[in-house]
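Have it open while you read, and go through the points one by one.

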Amino acid sequence: MSNQIDQLSTNQAGHLEIGGVDSLDLVKQYKTPLVVYDVKSIRDQIHHFQKVFQDNGVDFAVSYASKAFACIAMFQLINQEKAHIDVVSGGELYTAIKAGFPMERVSFHGNDKSREELEMAVEHQIGVIILDNFHEIDLLKEVLEDKQSHINVMLRVTPGVSAHTHEYDQTGQVDSKFGFDIQSGQARKALGLVLEDQRMNMLGIHCHIGSQIFEVKGFEMAAVKLIDTLADWNKEIGYVAKVVNVGGGFGIKYTEDDDPIAPEMFVDAIVKAIKKRTEEVNLPMPAVWIEPGRSIAGPAGYNLYTVGSRKDVPGIRSYVTVDGGMGDNIRPALYQAKYEAVLAKNPSAPIKETVRIAGKYCESGDILIQKQDLPATQPGDVLAMLDTGAYGYAMASNYNRNPRPAVVFVENGKSQVAIRRETFEDLVALDEEFN
Ligand SMILES: Cc1ncc(COP(=O)(O)O)c(C=O)c1O
């Protein structure tokens, strides 16, 4: 069992406490499976990022990558902290609109934005569209012409840096579906197309080299590559970028095997690398934008499950099944993501056994945790899976027609529903009768 537990709060009864609320009281009130966010953790991480920029005296934006977890309440919380958001779909943008999120602090990403999505972004005059490919430049030109409008844009480029992380998470290398390649001249060509269009205001460049990255080096290399690219463009045509956006990807601790530096320390290193390089190549210091998703939402999240059945396979292993699984967190099944879980009524109870924690979905691969040390458990016990706040509920499905869990925000001893639990009625709400 890892030192994750040492950092958990427990109350006088010894129960896991989240945001000052007893996790078992949350279960009584909201049932399981339940997704719980510790709001203070989200606020604190945003503040840590903001402080690094302030300490370095650099213009900045902390843009929460809302794909990690988006809902109206989350956007309103992010807005309270004066952060930006990035969205990757009309749906995320619509949620931001419904949340009353200031549109000038929205960036729009994605490698296949539709014409309708671009129209929506232009109509709402969002802060910036991050252009990903030539087709999108053409589409946006048409939309801007039709609407007789203007918009800020950035170019997403692939700097050719391959981060040391899981293969599926790598997006910064040359062989990627995202962005314009620098090496082959695609990015330079895209710059020309954007600059010749008076309706697009070219703010700067963006890259995102991957996710759950532990090494600072890759970020520094990417940052230097971006500045060198800007230096080339400056020499060639006098272009000066206002913004350099280095994306997200700062790794977090899921299990005892993970030992990342604090997320804001990545940013400190990146800012220093950008400062140094801009001085070396004689460019003005741009504003630096970051897009952390996992590092803001991940550690703040807990998935609470009730233990149900158990299967002991003699001489092999024991399976302890809970009332959720791949429908509320597909990451373990999708890319073998690892988590840790604790017994909510006593997170530091002596360990009795190592079990496999299985979900309730009809897939052999629906295993939440392959090997978990636990005290003895009984049906009805509550397990809390830790650090589940990023890409968990966000990727939830109704597989097996299971309703998606409720999401609750907790702070200062108070809880509130952020997303209500789906009902069976919700499940059939879109179904039509067969005639
Ligand atoms: C463009 C972009 N920015 C930011 C992020 C957020 O990354 P993370 O959640 O690892 O910080 C992603 C994740 O895929 C991304 O694609």
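1. Helices (H or I, at least four residues) and strands (E, at least two) are DSSP runs, numbered from the N terminus. With that in hand, look for an open sheet of 3 strands in the order S1-S2-S3, with antiparallel pairing. At its edges sit strand S1 (9-10) and strand S3 (21-22), each pairing on one side only. S1 and strand S2 (residues 16-18) run antiparallel and are joined by 2 bridges. In this pair, serine 9 stands opposite glutamate 17 of S2. As background, strands of a sheet pair through backbone hydrogen bonds, either parallel or antiparallel.

2. A word on what you are looking at. This is a predicted model: local features need pLDDT of at least 70, side-chain atom pairs count only at pLDDT 80 or more, and totals for chains, interfaces and linings use all residues. Residues are numbered from 1 along each chain as its sequence is written.

3. Now the domains. The assignment gives domain 1 (5-31 + 300-428) and domain 2 (39-296); such bounds come from an automatic or database domain assignment. The C-alpha centres of domain 1 and domain 2 lie 32 Å apart. Their contact takes 18 residues from domain 1 and 18 residues from domain 2, where two residues are in contact if their C-beta atoms, placed from the backbone, lie within 7 Å.

4. Which strands each supply at least two residues of the side of domain 1 that touches domain 2? They are strand S20 (406-411) and strand S21 (414-419). S20 gives the largest share of that side, 4 residues. By class, the side of domain 1 that touches domain 2 has 12 nonpolar, 2 polar and 4 charged residues. For these classes, Ala, Val, Leu, Ile, Met, Phe, Trp, Tyr, Cys and Pro count as nonpolar, Asp, Glu, Lys and Arg as charged, and the others, Gly among them, as polar.

5. On to the ligand. It is surrounded by 16 residues, and the closest are Ala65, Ser211, Gly248, Gly293 and Arg294. Here a residue is near a molecule if its C-beta atom, placed from the backbone, lies within 6 Å of it. The shell divides into 5 nonpolar, 9 polar and 2 charged residues.

6. Compare that with the record. An unreviewed UniProt entry has a "binding site" annotation covering Gly249, Glu291, Pro292, Gly293, Arg294 and Tyr391. UniProt positions are given in the numbering used here, feature names are shortened, and annotations may be inferred rather than shown by experiment.

7. Is proline 292 buried or exposed? Proline 292 is buried, because 27 other C-beta atoms lie within 10 Å. The cut-offs: a residue is buried if 20 or more other C-beta atoms lie within 10 Å of its own, exposed if 12 or fewer, and partly exposed in between, with C-beta atoms placed from the backbone. You will find proline 292 in the loop between strand S13 (287-290) and helix H10 (294-297). Leaving aside neighbours within four places in sequence, proline 292 is in contact with residues including Phe49, Tyr64 and Ala65.

8. Arginine 294 is in helix H10. With 26 C-beta neighbours inside 10 Å, arginine 294 is buried. Not counting residues up to four places away in sequence, arginine 294 touches Ala68, Ser211, Gln212, Ile252 and Ala390.

9. Another "binding site" annotation in the unreviewed UniProt entry covers Arg294, Arg331, Tyr335, Glu363 and Tyr391. These span 98 residues in sequence and the farthest two C-alpha atoms are 26.5 Å apart, so they do not all gather at one spot. One of them, arginine 331, is in helix H11 (residues 331-335). Arginine 331 counts as partly exposed, with 18 C-beta neighbours inside 10 Å.

10. Most residues other than glycine have a negative phi, and most peptide bonds are trans. The peptide bond from threonine 32 to proline 33 is cis, with omega near -5 degrees. Lysine 82 is not a glycine, yet has a positive phi of about 60 degrees. Lysine 82 is exposed, with 12 other C-beta atoms within 10 Å.

Notes. Two strands pair if DSSP finds at least two bridges between them.
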